[in-house]
Each structure stands twice: as structure tokens, then as C-alpha cells.
Amino acid sequence: MATGVKTDTGRVRDGNEDRYLVREEREITLLAVADGVGGSSGGEIAADAALAELGSRFFSAPADRPTSDALAEAMRDANAAVLRAAGSSGHHDAATTIVAAVVRANEAIIANLGDSRAYLIRDGICRQLTEDHSGDVEHAITRFAGDPRGIQPDIFVESLRPDDRLLLCSDGLTRHVTPEEIASAVGGGEDVRVAASALVDLANARGGQDNVTVLLHAPGQRATVARTAGRAVAFAVFALLILVTVGGAIAVLFAVGSAAPPSSSARPSASFAPTQSASPSPSPSTSPSPSASPSPSASPSPSASPSPSPSP
């Protein structure tokens, strides 16, 4: 799988309330990062419940439902799951951010709640795809999973190229690392696992004030494998067609040679007389001897044109 991910507690917090999800089914990849809301109890409970429900609900959606609708509905189900988990655990204010991406072929559908972000790194430039749902107070969020009023995620659609990198992260990364530094760490064809680890290490080196999670996906690597496999199949079919064509040509030549009319030396000699049949002849006369000059109708030659060979 062309996905690298690393999560870390950081240098300040006692526990890690970040969670991530990587799930692939039916040639669709679902990626997500959840960051339990700081300052509220049960952040890890909210993040766990949100991502478990998100994956389950998205992949159980009808196959004909548009991807963006299925993802938005799964986000709303995740909100309901957090509320249930908060009630049953006693952490009534449990909440979490969510940023999720569905990658299918050369398209990504992204949804978010809160300030966990999605970035696209292309041609050495890191571009933020999502918009933070934040308030006037630093790191305060205005949308989150676990809101009893209901939620409305933002949805973004992005076309992907083979060399693109899609990055999802919690704000533990973006507090310390700039988009330019993200592009530098990810660019240059770095392995996605190495690049994800390097970004977490950089955030920690600059203070690590929060849990930090980086999920880095390379959509083009699987496409490259598919193209290579497709070329191999095409070559095998081409080779098979050549073999069938050559085999058919040989069969035609063999049939033509077998069907050639016999030479005159193989015809019966004029001095040859057939032996009379032992059984009574219906005619009292004896069988006449064959004429010295063969009759054209005496032994018709088989057709020289072979039967058509089967199509490959």
C-alpha cells in the first residue's frame, strides 16, 4: 500500500488522543485522521468512535450512491457515534476533529470538521485543500464530531496525478511546520513512510506541543503497478495472436500439400485388370477393363482449398 503514517504523543501531552484510519475495499481507499478535542475529557474515546463508525458506514453505503454523498453521510453517522460513546462513557463533552479522504482512481473526495487538515503536494508546492473551522481563540474549533446540534462537513473534490502526494494531519504538525517545509520533506520522490516520519520528528524537534499525526498517501504508485500489469497482459495477448496466426498458416500449407492431385504415374496401368468379384454379378457380362486413357470423371480429385481455420 502506498501510504505512510506516523502518530506521536509529542513532547508535552501525557497521552495521545490522535487516531488514524487506512482502509481499502473495492479499489477504494479511505484515509482519515481524528484529533480528540483538547480541553475536553474523553478525546481518545471520541476519536476512536468517530473513525470506527466512519469506516463502517462509508463502505456499507449503496454502490450507486455518489462518493461525496456517501462520505458526508458517514461523517454525520460518526457524529452520532461520538454522542453515543460520550453518553455511555460518562464523558459527556467528548469531541473530535475529523479529516477524511476517499481516493478512487485519479480522484480524491475530502471532508473535514475542525482544524485537522488535508494538503496536496504537487510539483514541489504544498497546497491546503481544507479550510479550518476555527474560532477567535487560538486552536478553538467551531465544528467537530460530537456536536448534539448536528454537523455539516465541508466537501472538496480534487483530481490527482501520478506524482501527487495527499497528506492528512492533525494540528500538532501545522503548529510547528510550514507548508513549504512539508513540500520539502515530501518532494524529491521520498518514500511516503520515510517522509511521514520525518515530518513528525520535525514537529517534535520544534517543541511537540500537541499530539501529532501524519498520514501521507501516494496515489500514483498503485496506478503504475496497474499500468505495468496491463502492458504485460497486452503483450501476452499479442504473442498468443502471433502463435495462432503462424499455426494457422502452417495448417493451411499442410492442407494444401495433402490435397494436391496425384501424379499420372500413380494412376492405374493400362495392363491392370481387376479381379472378378466372387459374388454373383447382377449382369451376365464380365467387368470391362479400364481404358488406357483415364476418364476425368473416374476419380475426382479432392478440393485443393482447405477448410477455414478457427478464428483466434
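User: What makes the pair formed by the backbone oxygen of Ser 56 and the side chain of Ser 60 a polar contact?

Analyst: In this predicted model, the backbone oxygen of Ser 56 lies 3.0 Å from a polar atom of the Ser 60 side chain; because a polar contact requires N or O atoms within 3.5 Å, one able to donate a hydrogen and the other to accept it, the pair meets the distance cut-off. Ser 60 itself is found in the loop between H1 and H2.

User: Why is Ser 60 called exposed?

Analyst: The relative accessible area of Ser 60 is 52%, and exposed means over 50%, so the label applies.

User: Why does Asp 210 count as buried, and what is it in contact with?

Analyst: Asp 210 has a relative accessibility of 5%, and because buried means under 20%, the residue falls within that class. Although Asp 210 is placed in the loop between helix H5 and strand E10, its contacts beyond its neighbours within four places in sequence include Thr 9, Arg 13, Asp 35 and Asp 171.

User: How do you know that the span of helix H1 agrees with its number of residues?

Analyst: Helix H1 has 17 residues, which at 1.5 Å a residue should span 24 Å, and its end C-alpha atoms are 25 Å apart, so the two agree. Among the buried residues of H1 are Ala 46, Leu 51 and Phe 58, and what covers the buried residues of this helix includes strand E2 and helix H2.

User: What makes strands E6 and E7 a pair?

Analyst: Pairing needs at least two bridges, and E6 and E7 have four, in the antiparallel sense, so they qualify; one of the bridges joins Ile 121 to Cys 126.

Notes
Residues numbered from 1 in each chain as written. Predicted model: local features only at pLDDT ≥ 70, side-chain atom pairs only at ≥ 80, totals over all residues. Heavy atoms only, no water. Expected span 1.5 Å × (residues − 1). Buried < 20%, exposed > 50% of the residue type's maximum accessible area, 1.4 Å probe, protein only. Contact = heavy atoms within 4.5 Å.
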